[in-house]
Amino acid sequence: MTEIDTKIDALVPGWLTLPDIAESFGVEVTRVRQLVKDGQLIAVRRGENRALHVPAAFIDGDKVVKGLSGTLTLLRDDGFTVEEMLEWLFTPDPTLPGTPAQALSENRGTEVKRRAQALAV
């Protein structure tokens with residue numbers, strides 16, 4: 001888990017703490033920590049108390065946004081760091097349109113994964 005820099009912090013419109021996500025999912029915080037450890041979510045340290053936060057765009061009610069886990073795996077396999085993944089996911093892409101994170105939340109994960117795969121070429 002990484003401490004986030006101000007540039008990327010400014011790109012991400014909203015953040016949730018792990019306890020917030022656990023409450024939304026109806027599970028213990030340890031289960032959310034396991035999702036982070038397993039690579040299904042990205043968590044970074046931010047704020048005064050350096051608490052772990054996850055971009056709010058990655059959460060859809062009581063579950064992780066569909067397609068996020070596979071996209072994170074592709075980016076990780078391409079050698080992206082956590083910071084680079086967040087920057088890519090939250091930087092506007094005029095060909096989508098919007099950001100890859102928005103496209104995932106709108107169930108356009110296939111388009112996002114295609115772009116992530118193309119990064120490796």
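Me: Is Asn-107 buried or exposed?

Reply: The class follows from relative accessible area, where a value over 50% means exposed. In this predicted model, Asn-107 counts as exposed because its relative accessibility is 53%. Asn-107 sits in the loop between H6 and helix H7 (109-119). Its phi is positive, about 65 degrees, although Asn-107 is not a glycine.

Me: Which class does Arg-50 fall into by its relative accessibility?

Reply: The class between the two cut-offs, under 20% for buried and over 50% for exposed, is partly exposed. Arg-50 has 38% relative accessibility and therefore counts as partly exposed. Arg-50 is not a glycine either, yet its phi is positive at about 55 degrees.

Me: Which residues of helix H4 are buried, and what do they pack against?

Reply: Buried means under 20% relative accessible area. In H4 (residues 68-77), the buried residues are Leu-68, Thr-71, Leu-72 and Leu-75. These residues lie on the same side of H4, because they cover an arc of only 100 degrees around the axis. They pack against strand E6 (63-64), H5, H6 and H7. After H4 comes Gly-79, with a positive phi near 90 degrees.

Me: Which peptide bond is cis, and what is its omega?

Reply: The bond from Leu-96 to Pro-97 is cis, and its omega is near -15 degrees. Pro-97 belongs to the loop between helix H5 (82-90) and helix H6 (100-105).

Note on methods. Residues are numbered from 1 along each chain as its sequence is written. This is a predicted model: local features need pLDDT of at least 70, side-chain atom pairs count only at pLDDT 80 or more; totals for chains, interfaces and linings use all residues. Side-chain values use heavy atoms; hydrogens and water are left out. Helices (H or I, at least four residues) and strands (E, at least two) are DSSP runs, numbered from the N terminus. Buried means under 20% relative accessible area, exposed over 50%, partly exposed in between (1.4 Å probe, protein chains only). The arc is that of the directions from the helix axis to the C-beta atoms. Contact means heavy atoms within 4.5 Å.
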